[in-house]
Amino acid sequence: MENFIYHNPTRIYFGKGQITQLSDAIAKNRKVLLIYGGGSIKQNGVYAQVTKALSQHQIIEFSGIEPNPEYETCLKAAKLIQQEKIDFVLAVGGGSVIDATKFIVAAAKFKGDPWDILAKRADITEALPFGCVLTLPATGSEMNSGSVISRRALNKKLAFLHEKVYPVFSVLDPETTYTLPARQVANGIVDAFVHVMEKYLTFPQNAPLQDRFAEGILSTLIEEGQKVLTDPNNYDVRANIMWAATLALNTLISQGVQSDWATHMIGHELTAFYGLDHAQTLAIILPSIMEYKKDKKKAKLIQYAERVWQVDKNVSDDVKIKLAIDKTRAFFETMGNPTKISAYQLSRDKFATIINSLKDNGLTTLGEHEDITPQDSLKILEVCFPFCFSI
């Protein structure tokens, strides 16, 4: 295990009715910008709870954050912050709203072209404080410092990380997720699952506690993911999924170990050029990377098969690896996420463009060993195109 420094400053308010904590979590003298998406929070009662809790605060609203937050939309919010002299931001929604807010609070204080935060990884010296009310467990953005922003005009979907954009607090009330469409629930489970796999499915790194944490999260997502589709109003199931998704990417299990992230980097390109949901791209790419890199990932694939999928330890290593990949595919398919590009009636015609975009974004040495070249990425895309899987 490598040396590390770990600090996570986000305070979590977890459980039923915790939205009422907003009245004290945000100082009364703060001028608050409330940021949300398409308006579903006004239909499911979350908006009413939030505004009631903030009845003694001055609030200005900004809505319309997209499922893959757009750079231009974020700039409009950043400009509003400057014009209205906002001094606190509250993000209410899922990972896209929270990701957008991270960029917005940085862009509002940035000296220069805000695009440099994404394209050049420019340093952030100041950011406006913000909090979150999570309504869609998936990305873990409510307890980390990462964000992904799209710029459709350039066909770019880029990420940034910075310690100054950790949320001050996040409210996690599982009851806010009851009205989510089944597709969003399933997408969130797949997203969280792959977040864990990006850190876990690498190579043995003498970090048994991180491994056990990761395996516990994966097993929880598998077990509770099966339940939530048939029993969507089960509070305990919703609570377990919400907390598992947060822990999947609050950086705890990534301390002291090398991570992969190739699935996400290639997946972002599929979203940019094919318009697929983020989780849909992850379900496509991860099993293909598992297959393509099975020799380098052999030890962890075997461990994953035995500990997470309870594959018989007495069968051969090759069988364990095959079952690990097959069971992962089956799980994603059960969640409603096909594991082949062709399932979406899409063709290979954009593969070359995707590879060129990876090169343009500097993503030419992906994976925990930095050995996935653009040529390898193309082969991975080819692996995940023709595969036909049935359950």
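The buried residues of helix H10 are Ala262, Thr263, His264, Met265, Ile266, Gly267, His268, Glu269, Leu270, Thr271, Phe273 and Tyr274, where buried means under 20% relative accessible area, exposed over 50%, and partly exposed in between, with a 1.4 Å probe and protein chains only. The model is a predicted one, in which local features need pLDDT of at least 70 and side-chain atom pairs count only at pLDDT 80 or more, while totals for chains, interfaces and linings use all residues. Residues are numbered from 1 along each chain as its sequence is written, and side-chain values use heavy atoms, with hydrogens and water left out.

Helices (H or I, at least four residues) and strands (E, at least two) are DSSP runs numbered from the N terminus. H10 is mostly covered, with 12 of its 13 residues buried, and what covers these buried residues includes strands E6 (146–151) and E7 (156–161) together with helices H7 (182–200), H11 (278–292), H14 (351–360) and H15 (374–384). The expected span of a helix is 1.5 Å times one less than its number of residues; for H10 (residues 262–274) this gives 18 Å, and the end C-alpha atoms are 18 Å apart, which agrees. After H10 comes Gly275, whose phi is positive, near 75°.

## Strand E5 between two partners

Strand E5 (residues 130–134) is largely enclosed by the rest of the structure, because 5 of its 5 residues are buried. In a regular strand the side chains alternate between the two faces of the sheet. Both faces of E5 are covered, with Phe130, Cys132 and Leu134 buried on one side and Gly131 and Val133 buried on the other.

Two strands pair if DSSP finds at least two bridges between them. E5 runs parallel to strand E4 (residues 88–93), to which 5 bridges join it, and Ala91 stands opposite Cys132 in this pairing. E5 also runs parallel to strand E8 (residues 169–172), through 4 bridges, with Val171 of E8 as the bridge partner of Val133.

## Salt bridges

The structure holds 20 salt bridges, each defined as a side-chain nitrogen of Lys or Arg within 4 Å of a carboxyl oxygen of Asp or Glu. In one of them Arg151 pairs with Glu72, the closest N and O atoms being 3.5 Å apart. Because Arg151 lies in strand E6 and Glu72 in helix H4 (residues 71–84), this pair ties together parts that are 79 residues apart in sequence. Arg183 forms a salt bridge with Asp277, with the closest N and O atoms 2.4 Å apart. Here Arg183 lies in H7 and Asp277 in the loop between H10 and H11, so the pair ties together parts that are 94 residues apart in sequence; Asp277 is partly exposed, with a relative accessible area of 21%.

Lys294 forms a salt bridge with Glu291, where the closest N and O atoms are 2.9 Å apart. Salt bridges that share partners also join Arg212, Glu215 and Arg307 into one network.

## Nonpolar cores

A nonpolar core is a set of buried Ala, Val, Leu, Ile, Met, Phe, Trp, Tyr and Cys residues joined through side-chain atoms within 4.5 Å. The largest has 43 residues, and those with the most contacts inside it are Phe193, Met197 and Tyr304. H7 gives the most to this core, with 10 residues.

Leaving aside its neighbours within four places in sequence, Met197 is in contact (heavy atoms within 4.5 Å) with Leu218, Leu286, Met290 and Tyr304. Apart from this core lies another, of 39 residues, among them Ile86, Ala106, Ala108 and Leu172.
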